[in-house]
Amino acid sequence: MSIGQFALQSSVYTALNVSAITSTLSCGVYDEVVEGNSYPFITLGEETAIDYSTNNLVGAETTINVHIWSRYKGSKETKEIMDKIHDLLHDVSLTVTGVNLINLRFEFSDIMRDPDGITRHGVMRFRAITLGT
């Protein structure tokens, strides 16, 4: 039985790829950075999974990093995007194919300036608990 890592990623991607992000904030959502992306944009980043199985169900505790990239002068745009991501993912009930999503919760965020001195890089981490169906 699967722990549903790709299914979870797909559900997160779908949740983020909505008009509140893509139209209102003019922000693309990507699984991989593509050269020439226009700013701002969001990428799904690193992920870890550890066993969260019970006696009779396979499960995982998964952390998912979401990266925000902006060239807006200052951190306003990055923070607005992060606020919307929080609204879309924190403690929501997503449908994840093949597993039950017990919860999805925000853990932390960080904003830093990239070495180029122009790009703001926000990182958010979410923790998901899934159990097999």
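Why does Met124 count as buried? The residue has 2% relative accessibility, so Met124 falls in the buried class (under 20% relative accessible area, with exposed over 50% and partly exposed in between, using a 1.4 Å probe and protein chains only). The model is a predicted one, in which local features need pLDDT of at least 70 and side-chain atom pairs count only at pLDDT 80 or more, while totals for chains, interfaces and linings use all residues. Residues are numbered from 1 along each chain as its sequence is written, and side-chain values use heavy atoms, leaving out hydrogens and water.

Met124 sits in strand S5, residues 120-132 (strands are DSSP runs of E, at least two residues, and helices are runs of H or I, at least four, both numbered from the N terminus). Leaving aside residues up to four places away in sequence, Met124 touches a set of residues that includes Ile64, Asn65, Val66, Met82, His86 and Phe108; a contact here means heavy atoms within 4.5 Å. Asn65 is 59 residues away along the chain, yet its C-alpha atom is 5.6 Å from that of Met124.

Now for the sheet itself. It is open and mixed, with 5 strands in the order S1-S2-S3-S5-S4; two strands pair if DSSP finds at least two bridges between them. S1 (28-30) and S4 (99-113) are the edge strands, each with a single partner, so one side of each has no neighbour in the sheet. On average, neighbouring strands are turned by 20° against each other, direction ignored (axes are lines fitted to C-alpha atoms, for helices over the stretch in contact, and angles run from 0 to 180 degrees between N-to-C directions).

Two helices pack here. H1 (residues 5-16) lies across S1, S2, S3, S4 and S5, at about 150° to S2. H3 (residues 76-89) packs on the sheet too, touching S2, S3, S4 and S5, and its direction makes about 10° with that of S5.

Overall, the protein has 3 helices and 5 strands, and reads α-α-β-β-β-α-β-β along the sequence. Its radius of gyration is 15 Å, close to the 14 Å from the globule rule for 133 residues, so the protein is as compact as a globular protein of that length (the radius is taken over C-alpha atoms, and the rule is 2.2 Å times the number of residues to the power 0.38). Buried residues make up 39% of the 133.
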